[in-house]
Amino acid sequence: MYNEFDKYLLGYFTDDYWYDEGFSIAREMLSEFSDEDWLKLQDEVLEKNIEWQKKLAYCIDNTSKMYELEILLTLSTVKDNELFNICIDSLRSFIIDDNYKKIVSQNEVLVRQVNDLIGTTNKGIIKGIYQKFIDTLRE
């Protein structure tokens, strides 16, 4: 399944198609991953181009798999603002679970980065995502 998923994300999508339908197809593919597929994805995720990484981060949703959380945390270290924003937005679905919340809150670099960005970003929507993320970690 990993190879099929990889080829799918390498394809060209208009924004309309991706947000209307494409990400749902990708999310469905992820739901069919075996442990071996997840391990291969973990091994190769940082070698993929930034657009591929953004698509992946966008379609990851908390389905109670530690693999997904680990991949989002890995992708959050890539030096790309848009990818970081997508990772934080996706991580919000994980931190409603106390076990995942603990793991994320212990990632001091990530939490510090989000806190720093709250004070420096002028974009209301992004700032709101960051603030909600931090507020949920503190609950």
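This is a predicted model: local features need pLDDT of at least 70, side-chain atom pairs count only at pLDDT 80 or more; totals for chains, interfaces and linings use all residues.

Residues are numbered from 1 along each chain as its sequence is written, and side-chain values use heavy atoms, with hydrogens and water left out.

Let me start with helix 2, residues 15-31. Helices here are DSSP runs of H or I with at least four residues, numbered from the N terminus. Helix 2 has 17 residues, and its first and last C-alpha atoms lie 23 Å apart, close to the 24 Å expected at 1.5 Å a residue. That expected span is 1.5 Å times one less than the number of residues. At Glu21, helix 2 bends by about 50 degrees, the bend being the angle between axes fitted to the seven residues ending at a position and the seven starting there.

Which residues of helix 2 are buried? They are Trp18, Gly22, Phe23, Ala26, Met29 and Leu30. Buried means under 20% relative accessible area, exposed means over 50%, and partly exposed lies in between, with a 1.4 Å probe and protein chains only. These buried residues of helix 2 pack against helix 1 (2-10), helix 3 (35-44) and helix 4 (50-59); contact here means heavy atoms within 4.5 Å.

I turn now to helix 9, residues 124-138. The buried residues of helix 9 are Ile126, Ile129, Tyr130, Phe133, Ile134, Thr136 and Leu137. They lie on the same side of helix 9, because they cover an arc of only 165 degrees around the axis, taken from the directions from the helix axis to the C-beta atoms. Their packing partners are helix 6 (81-91), helix 7 (98-105) and helix 8 (108-120). On the face turned away from the buried side, helix 9 carries the exposed residues Gly124, Ile125 and Arg138.

Next, the core. In soluble globular proteins, nonpolar side chains tend to be buried together. A nonpolar core is a set of buried Ala, Val, Leu, Ile, Met, Phe, Trp, Tyr and Cys residues joined through side-chain atoms within 4.5 Å. The largest one has 45 residues, and those with the most contacts inside it are Phe5, Leu41, Leu56 and Phe133. Neighbours within four places in sequence aside, Leu56 is in contact with Phe5, Leu9, Leu30, Leu41, Val45, Ile71 and Leu75.

As for cysteines, the structure holds zero disulfides, a disulfide being a pair of cysteine sulfur atoms within 2.5 Å. The sulfur of Cys87 is 11 Å from the closest cysteine sulfur, in Cys59, and therefore too far for a bond. Cys59 is buried, at 0% relative accessible area, and Cys87 is buried, also at 0%.

Lys54 is found in helix 4 and, at 9% relative accessibility, counts as buried. Beyond its neighbours within four places in sequence, Lys54 is in contact with Asp80, Glu82, Leu83 and Ile86.

Thr77, in the loop between helix 5 (66-75) and helix 6, is exposed, with a relative accessible area of 51%.

Gln113 belongs to helix 8 and is partly exposed at 31% relative accessibility. Apart from its neighbours within four places in sequence, Gln113 is in contact with Ser76 and Phe84.

Conventions:
Helices (H or I, at least four residues) and strands (E, at least two) are DSSP runs, numbered from the N terminus.
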